Amino acid sequence: MENHLLEVKGIDVLYGDVQAVWDVSIHVEEEKIVALVGANGAGKTTLLKTISGITPAKKGEILFQGNSIAKLKPQEVVDIGISHVPEGRRLFSSLTVLENLKLGAYPSRARPLMANSLERAFSLFPLLKNRKDQKAGSLSGGEQQMLAIGRALMAHPVLLMLDEPSLGLSPIFVRTIFELISTLNAQKITILLVEQNINQALKIAHQAYVLKTGKIAMNGSGDELLADPEVQRAYIGKRWSKS
Ligand SMILES: Nc1ncnc2c1ncn2[C@@H]1O[C@H](COP(=O)(O)OP(=O)(O)O)[C@@H](O)[C@H]1O
Ligand SMILES: [Mg+2]
């Protein structure tokens with residue numbers, strides 16, 4: 001039987017009168033990589049923010065390990081094991097790398113594990129170890145993305161949600177980020193990945209959803225969607241290759 005770690009059931013999300021997400025249902029199985037892809041403005045970030053408790057749903061249900069989490073505050077969502085690396089990273093740029101990492105360990109569950117967690121972060125990201133006393137704002141875009149992921153890992157998430165982790169990075173860092181996602185998944189962290197690099201995202205995803213103007217337009221395995229002529233035409237063809 002499928003083992004659903006996260007189930008989003010029929011959610012509507014509105015900003016004032018404007019509806020951004022329409023009756024969306026997705027499920028994320030334990031220890032898998034699930035990709036959420038689609039054009040700009042499709043509602044991907046909104047969906048992650050809703051799961052995180054930042055933008056509550058107007059209708060629908062969200063279950064994590066079988067429990068309803070739709071009414072939890074953002075910090076409570078982190079406490080139960082869901083970490084979110086937001087679009088644009090949101091680091092504390094005037095704090096050092098080390099200080100940013102330590103802030104990630106604020107859930108009570110994670111605090112006693114801090115020393116081990118730091119070791120894990122530095123072994124995943126040796127670059128950060130060399131720069132641990134440097135201000136986060138002085139890092140390159142790729143290094144900042146690694147720090148943002150490292151900070152999220154400090155909370156020991158069961159589910160890691162990544163919003164556009166490869167956006168704006170040089171090709172070498174894009175490759176590093178996708179390899180890292182597979183490495184983390186091999187360490188049994190479940191991943192919900194939002195990406196505009198649809199080709200790469202579908203290649204590593206076990207399961208994927210295509211969001212279109214706030215609704216699920218398609219879903220299937222990463223391979224199925226990669227092979228789908230409609231996905232190829234709309235999202236992977238020449239028109240998209242430069243974006
Ligand atoms: N804070 C906000 N206030 C009002 N509308 C918003 C806000 N954030 C996003 N939207 C709108 O919601 C829709 C979905 O946006 P978003 O979730 O950011 O899409 P994506 O991440 O797929 O690009 C868009 O039409 C966007 O303009
Ligand atoms: Mg977005």
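**Note on the predicted fold**

1. In this predicted model, β9 and β10 run antiparallel and are joined by 6 bridges. Strands (E, at least two residues) and helices (H or I, at least four) are DSSP runs, numbered from the N terminus. Two strands count as paired if DSSP finds at least two bridges between them. Alanine 208 stands opposite glycine 220 in β10. The two strands make a hairpin with 2 residues between them. In that turn, threonine 213 has a positive phi of about 40 degrees.

2. A word on conventions. Residues are numbered from 1 along each chain as its sequence is written, and chains are lettered from A and ligands numbered from 1 in the order in which they are written. As this is a predicted model, local features need pLDDT of at least 70 and side-chain atom pairs count only at pLDDT 80 or more, while totals for chains, interfaces and linings use all residues.

3. Now the sheet around that hairpin. It is open and has 6 strands, in the order β6-β7-β8-β3-β9-β10, with mixed pairing. β6 (82-85) and β10 (215-221) are the edge strands; each has a single partner, so one side of each is left without a neighbour in the sheet. Neighbouring strands are turned by 15 degrees against each other on average, direction ignored. Axes here are lines fitted to C-alpha atoms, for helices over the stretch in contact, and angles run from 0 to 180 degrees between N-to-C directions.

4. Two parallel pairings belong here. β3 and strand β9 (residues 207-212) are joined by 4 bridges. Valine 37 has valine 210 in β9 as its bridge partner. β6 pairs with strand β7 (residues 159-163), also over 4 bridges and in the parallel sense. There, valine 85 stands opposite leucine 162 in β7.

5. Next, a helix on these strands. α7 lies across β3 (33-37), β7 and β8 (190-195), and runs at about 160 degrees to β8. Helix α7 covers residues 171-186. Its 16 residues should span 22 Å at 1.5 Å a residue, and the end C-alpha atoms are 23 Å apart, which agrees. The expected span is 1.5 Å times one less than the number of residues. Lysine 188 follows α7, with a positive phi near 75 degrees.

6. What does the largest nonpolar core contain? It has 69 residues; those with the most contacts inside it are Val34, Ala35, Leu36, Met161, Ile191 and Leu193. Helix α6 (residues 141-153) gives the largest share, 6 residues. Such a core is a set of buried Ala, Val, Leu, Ile, Met, Phe, Trp, Tyr and Cys residues joined through C-beta atoms within 7 Å. Buried means 20 or more other C-beta atoms within 10 Å of the residue's own, with C-beta atoms placed from the backbone. Buried residues make up 40% of the 243 residues in the chain.

7. Isoleucine 191 deserves a look. Beyond its neighbours within four places in sequence, its contacts (C-beta atoms, placed from the backbone, within 7 Å) include Ile33, Val34, Leu160, Leu162 and Ile181.

8. Elsewhere, strand β1 (residues 4-15) and strand β4 (residues 59-64) pair in the antiparallel sense over 5 bridges. Aspartate 12 stands opposite lysine 59 in β4. β4 also pairs with strand β5 (residues 67-68), antiparallel, over 2 bridges. Leucine 63 has serine 68 in β5 as its bridge partner. In the hairpin of β4 and β5, glutamine 65 takes a positive phi near 50 degrees.

9. Finally, the whole chain. It holds 11 helices and 10 strands. Its C-alpha trace spans about 45 × 40 × 40 Å along the principal axes.

Definitions and conventions: A residue is buried if 20 or more other C-beta atoms lie within 10 Å of its own, exposed if 12 or fewer, and partly exposed in between; C-beta atoms are placed from the backbone. Two residues are in contact if their C-beta atoms, placed from the backbone, lie within 7 Å.
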